[in-house]
Amino acid sequence: MKNKERAILVGVALKSESQEKMSEYLDELEFLTLTAGAKVYKKFIQNLPRPNNKTFVGSGKLKEIIEFIKEENIDIVVFEDELSPTQLKNIEKALSCKILDRTNLILDIFANRAKTAQARTQVELAQYQYLMPRLAHMWTHLERQKGGIGLRGPGEREIETDRRIVRNKITLLKKKLQKIDKQNAVRRKSRGQKIRVSIVGYTNAGKSTIMNILSKADVFAENKLFATLDTTVRNVVIKNVTFLLSDTVGFIRKLPHRLVESFKSTLDETREADILLHVVDLSHSDYENQLKTVNNTLSELNALDKPILVIFNKVDKLSKDFLDVEDYKNANIQKKINLLNKSYIAKDNTPCIFISAIKNVNIDLLKNKLIEMVKESYVKVYPHHPISITH
């Protein structure tokens with residue numbers, strides 16, 4: 001079995017960010033690194049007004065990182081923010097090992113998870129757009145590397161490629177995606193008069209698990225970030241009510257803009273949906289910011305002007321003192337849900353529902369709410385077509 005690459009993480013805590021907040025960010029970066037296939041050995045955090053223009057961190061912290069790399073034989077250093085071409089060049093010269101930033105790491109995971117021609121094309125486009133401003137340095141950097149995390153997709157075979165050829169490649173990939181977009185648009189139009197429901201949410205919130213429960217389908221789901229990359233659409237029938245249900249790529253904080261751009265065709269499923277199911281991992285320590293991140297992304301996609309049901313998932317994993325309410329600690333799961341329904345969380349996110357997809361808690365209520373929303377949407381979307389929505 002191949003040994004996992006050894007990694008360390010580096011982040012800069014700005015004045016607006018506490019050490020605790022940066023620790024949460026690096027925890028997510030660690031999850032991303034594990035998903036990519038490396039093991040994290042240490043996290044370095046430095047408080048700075050802004051990242052150093054030349055080396056991201058200060059000279060003292062850089063020396064500390066260099067010493068740790070030599071002592072522990074580290075293979076990769078992953079930075080929490082996107083590095084500029086100048087920072088990348090200077091840091092690699094100082095550290096003499098593989099350097100990745102958050103964007104490159106996410107691109108690598110996407111490249112590894114892309115299965116369909118559409119997803120592979122989208123990821124390849126994002127990779128070339130990322131590499132474009134870094135060409136002067138990146139090709140010699142890639143020439144010295146022998147595979148591993150951060151080097152999937154375009155890479156060593158394109159070492160001698162100049163900017164003109166890369167621009168041509170980007171143009172060709174965009175044309176290919178436009179062709180796929182047209183095919184997808186035709187496919188969506190051919191689905192008939194059915195309400196379209198799209199499951200959205202932060203990556204690893206449990207979207208695919210809920211998709212499996214509602215559609216009785218076997219959609220890939222695991223405890224890793226971006227387990228689902230390609231849009232899955234299923235025809236679903238619940239209590240004789242039929243609709244189309246889609247599961248899309250998960251959102252994440254600082255989702256690279258290039259990925260949002262290249263995945264627009266995939267995200268069209270969300271933009272054109274009649275109803276959105278926004279899944280939130282309530283057990284996550286930073287669930288509020290994750291919820292906000294998804295809403296911001298939906299806003300960028302102009303997809304907030306439709307009925308949205310917020311599904312707070314994983315209530316079975318909540319700590320005993322999650323709510324500062326009398327009797328919450330000793331309550332059973334159903335009583336906890338009753339208390340959650342009366343809490344500020346429910347008031348701030350109406351309409352919403354609290355469930356545990358993995359434990360099958362409150363799933364019947366979820367199905368009933370969804371049926372009501374589908375019926376209401378059908379009347380609004382197809383007012384001149386009083387056709388029965390029953391199967």
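**Entry 1: helix α4**

I began with helix α4 (residues 102–113), whose twelve residues at 1.5 Å a residue should span 16 Å, and I found its end C-alpha atoms 17 Å apart, which agrees. The expected span is taken as 1.5 Å times one less than the number of residues in the helix. I note that this is a predicted model, in which local features need pLDDT of at least 70 and side-chain atom pairs count only at pLDDT 80 or more, while totals for chains, interfaces and linings use all residues. Residues are numbered from 1 along each chain as its sequence is written, and side-chain values use heavy atoms, with hydrogens and water left out.

Helices (H or I, at least four residues) and strands (E, at least two) are DSSP runs, numbered from the N terminus. I then asked which residues of α4 are buried. They are R102, T103, N104, L105, I106, L107, D108, I109, F110, A111 and R113, where buried means under 20% relative accessible area, exposed over 50% and partly exposed in between, with a 1.4 Å probe and protein chains only. Because eleven of its twelve residues are buried, α4 is largely enclosed by the rest of the structure.

**Entry 2: the whole chain**

I counted 14 helices and ten strands in the protein chain, and buried residues make up 55% of its 391 residues. Among contacts (heavy atoms within 4.5 Å) with a separation of 6 or more, 71% join residues 24 or more positions apart.

**Entry 3: the four-stranded sheet**

I followed an open sheet of four strands in the order β2-β1-β3-β4, with parallel pairing; two strands pair if DSSP finds at least two bridges between them. β2 (38–47) and β4 (98–101) stand at the edges with a single partner strand each, so one side of each is left without a neighbour in the sheet. From one strand to the next the twist averages 25°, with axes fitted as lines to C-alpha atoms, for helices over the stretch in contact, and angles running from 0 to 180 degrees between N-to-C directions.

Strand β1 (residues 5–13) runs parallel to β2 and is joined to β2 by nine bridges, and I found G11 opposite I45 in β2. Helix α3 (residues 85–95) packs on this sheet, where α3 touches β3 (76–79) and β4 and makes about 145° with the direction of β4.

**Entry 4: the six-stranded sheet**

I traced another open sheet, of six strands in the order β6-β7-β5-β8-β9-β10, whose pairing is mixed. Its edges are β6 (232–238) and β10 (352–354), each with a single partner strand, so one side of each has no neighbour in the sheet. Neighbouring strands here are turned by 25° against each other on average, direction ignored.

Strands β5 (residues 196–201) and β8 (residues 275–281) pair in the parallel sense over five bridges, and S198 stands opposite L276 in β8. Helix α11 (residues 287–300) lies across β5, β8 and β9 (308–313), running at about 155° to β8. Helix α14 (residues 363–381) also packs on the sheet, touching β5, β6, β7 (241–247), β8, β9 and β10, with its direction at about 105° to that of β7.

**Entry 5: N349**

Where does N349 lie? I found N349 in the loop between α13 (344–348) and β10, and N349 is buried, with a relative accessible area of 16%. A polar atom of the N349 side chain lies 2.8 Å from the backbone oxygen of I345. Leaving aside neighbours within four places in sequence, N349 is in contact with L291, V310 and F312.

Terms used:
Polar contact = N/O pair within 3.5 Å; in protein donor to acceptor, adjacent residues only side chain to side chain.
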